[in-house]
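Reader: I am new to this structure and would like to go through it with you. Could you show it to me, please?

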Amino acid sequence: MKFKMFWLAIFMILAINPASAGWNAYSTIQYVYTHTDESIYVMAGPGQNINPSGCISSYWLRIPATRSNKRELYQMILTAMAAGKQVNFHVYGCEGNYPAVHNAIMAN
């Protein structure tokens, strides 16, 4: 019985975890939208589906107003757009209907 419970627990962890968070492929930034609720919305390049969390939106990402690194993420996104660089986003869960951005890396 303990053996079955162990494998059931392992299966549940593996089934839930990959779909809830992760780094994505590098993407170009098409649009940035600042909302009155102080959140920042980012649209990845054409055909870029950044949605490991299974949120309703697959192309728009949200940087919640409560993120402690919101200002740094916004600066990096604007810099990447101006320089024509790509960004790799780490998303975790959904914020409303959008994948929530937690971190990002700008390509060289």
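Reader: Which strand does I105 lie in?

Author: I105 lies in strand β6; strands here are DSSP E runs of at least two residues and helices are H or I runs of at least four, numbered from the N terminus. Please note that this is a predicted model, in which local features need pLDDT of at least 70, side-chain atom pairs count only at pLDDT 80 or more, and totals for chains, interfaces and linings use all residues. Residues are numbered from 1 along each chain as its sequence is written, and side-chain values use heavy atoms, with hydrogens and water left out.

Reader: Is I105 buried or partly exposed?

Author: I105 is partly exposed, at 37% relative accessible area. Buried means under 20%, exposed over 50%, and partly exposed in between, with a 1.4 Å probe and protein chains only.

Reader: And which residues make the nonpolar surface patch?

Author: W23, Y26 and I105 make the patch, with an area of about 290 Å².

Reader: How do β5 and β6 pair?

Author: They are antiparallel, with seven bridges; pairing requires at least two DSSP bridges between two strands. The two strands form a hairpin with two residues between them, and G96 in the turn has a positive phi of about 70°. E95 has Y98 in β6 as its bridge partner.

Reader: Changing topic, which residues have the most contacts inside the largest nonpolar core?

Author: Those are V42, I63, F89 and V101, in a core of 15 residues. Such a core is a set of buried Ala, Val, Leu, Ile, Met, Phe, Trp, Tyr and Cys residues joined through side-chain atoms within 4.5 Å. At least two core residues come from each of β3 (40-44), β4 (60-63), α2 (70-83), β5 (87-95) and β6 (98-106).

Reader: How many salt bridges does the structure hold?

Author: It holds two, a salt bridge being a side-chain nitrogen of Lys or Arg within 4 Å of a carboxyl oxygen of Asp or Glu. One joins R62 and D37 at 2.8 Å, N to O. R62 is in strand β4 and D37 in the loop between β2 (29-34) and β3, so this pair ties together parts 25 residues apart in sequence.

Reader: What about E95 and R62?

Author: Their side chains meet in a salt bridge at 3.8 Å, N to O. Because E95 lies in strand β5 and R62 in strand β4, the pair ties together parts that are 33 residues apart in sequence.

Reader: Is R62 buried or exposed?

Author: R62 counts as buried, at 12% relative accessibility, whereas D37 is partly exposed at 33% and E95 is partly exposed at 28%.

Terms used. Patch = residues over 30% accessible without salt bridge, like charges linked within 9 Å, V, L, I, M, F, W, Y side chains within 5 Å. Areas by Shrake-Rupley, 256 points an atom, 1.4 Å probe, with all protein chains shown as cover.
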